[in-house]
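Here is a short note for a colleague coming to this structure for the first time. Please keep the structure open while reading the points.

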There are 2 protein chains.
Amino acid sequence: MSSTALDPDIATQLKRDAAGLVPAVIQQHDTGEVLMVGWMDDEALHRTLTTGRVTFWSRSRAEYWRKGDTSGHVQHVKSVALDCDGDTLLVRVDQVGPACHTGAHNCFVTDLGAVSA
Amino acid sequence: MSSTALDPDIATQLKRDAAGLVPAVIQQHDTGEVLMVGWMDDEALHRTLTTGRVTFWSRSRAEYWRKGDTSGHVQHVKSVALDCDGDTLLVRVDQVGPACHTGAHNCFVTDLGAVSA
């Protein structure tokens with residue numbers, strides 16, 4: 001992970017995990033559908049906030065990953081919010097095509113059969 | 001974290017972090033509002049799947065935390081889904097009162113001023 005131009009006022013509010021990352025929940029802005037969760041370091045958050053395109057840090061590939069560059073399934077940023085603890089992001093987007101690499105529209109593909117209250 | 005009765009078929013699908021946890025996105029089932037993100041180990045997931053009440057593992061207090069036991073702001077489980085990577089849960093709930101300890105209805109209280117696409 002490289003140096004970053006992330007706004008220092010934002011950087012001081014972030015509570016990162018041991019790897020320097022925070023989870024980012026990606027939500028379709030108009031329907032409310034939760035599409036996926038990715039991970040961001042300071043630089044990925046900076047790029048997401050300033051370019052209009054969602055950018056993650058890939059833990060498996062150890063590289064920045066701008067969603068859609070390979071698949072075409074771009075996420076256009078509508079808003080980004082930090083939670084009360086400073087350790088989770090909510091990114092509202094306009095998703096082009098499916099969000100999941102499986103071809104499903106969102107990544108939450110396995111129902112675990114919870115007992116409903 | 002104690003031993004657990006989590007269904008072995010589910011346990012084998014989970015990809016936990018170094019602390020044995022997965023993030024759980026909590027979403028209001030009817031409005032789609034993303035309320036918060038908490039963390040679950042196998043036992044917290046087992047309790048969430050079988051009791052109808054959302055239960056987390058508190059990283060800061062190192063104990064199980066059944067949402068609402070202190071605040072009254074209970075989360076009744078509607079469904080639980082695992083994502084394609086097996087490393088994130090989406091829990092759809094019926095939230096009683098505000099989800100956030102600040103009194104806000106959800107925890108994503110700080111808008112970071114993203115450039116919108």
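1. Start with a single pair. In strand 6 of chain B, B:Val91 is the bridge partner of B:Val80. This belongs to the pairing of strand 5 with strand 6 of chain B, which is antiparallel and runs over seven bridges. Bear in mind throughout that the model is predicted.

2. Now widen the view to the sheet. Five strands make an open sheet in the order 7(A)-5(B)-6(B)-1(B)-2(B). The pairing in this sheet is mixed.

3. Strand 1 (residues 22–28) and strand 6 (residues 89–95) of chain A pair in the parallel sense, over five bridges. A:Gln28 stands opposite A:Val93 in strand 6 of chain A. In general, strands of a sheet pair through backbone hydrogen bonds, either parallel or antiparallel.

4. Next, the join between chains. Strand 5 (residues 75–82) of chain A and strand 7 of chain B run antiparallel and are linked by two bridges. A:Ala81 has B:Asp111, in strand 7 of chain B, as its bridge partner.

5. The interface as a whole involves 42 residues of chain B in contact with 42 residues of chain A. About 3,400 Å² is buried between the two chains. Carbon and sulfur atoms give 65% of that area.

6. Polar links also cross the interface. Between chain B and chain A, 16 residue pairs are in polar contact. Which elements of chain B give two or more residues to the side that touches chain A? They are strand 1 (22–28), strand 2 (34–40), helix 2 (42–51), strand 5 (75–82), strand 6 (89–95) and strand 7 (110–111). Strand 5 of chain B gives the most, with seven residues. By class, this side of chain B has 23 nonpolar, 13 polar and six charged residues.

7. Salt bridges come next. The count over all chains is twelve. Two of them lie across the interface of chain B and chain A. A:Asp87 and B:Arg59 form a salt bridge, with their closest N and O atoms 3.0 Å apart.

8. Another salt bridge lies within chain B. B:Arg53 meets B:Asp69 at 2.8 Å, N to O. B:Arg53 is in the loop between helix 2 and strand 3 (55–58), and B:Asp69 is in the loop between strand 4 (63–66) and strand 5, so the pair ties together parts that are 16 residues apart in sequence.

9. Finally, the overall build of chain A. The chain has two helices and seven strands. Along the sequence they follow the pattern α-β-β-α-β-β-β-β-β. The C-alpha trace of chain A spans about 40 × 35 × 30 Å along its principal axes. Chain A has a radius of gyration of 14 Å; this agrees with a compact globule of 117 residues, for which the value would be near 13 Å.

Methods: Residues numbered from 1 in each chain as written. Chains lettered and ligands numbered in written order. Predicted model: local features only at pLDDT ≥ 70, side-chain atom pairs only at ≥ 80, totals over all residues. Heavy atoms only, no water. Contact = heavy atoms within 4.5 Å. Buried area = accessible area lost by both parts, 1.4 Å probe. Salt bridge = Lys/Arg side-chain N within 4 Å of Asp/Glu carboxyl O. Polar contact = N/O pair within 3.5 Å; in protein donor to acceptor, adjacent residues only side chain to side chain. Helix = DSSP H or I, 4+ residues; strand = E, 2+ residues; numbered from the N terminus. Nonpolar A, V, L, I, M, F, W, Y, C, P; charged D, E, K, R; others polar. Pairing = 2+ DSSP bridges. Rg over C-alpha atoms; globule rule 2.2 N^0.38 Å.
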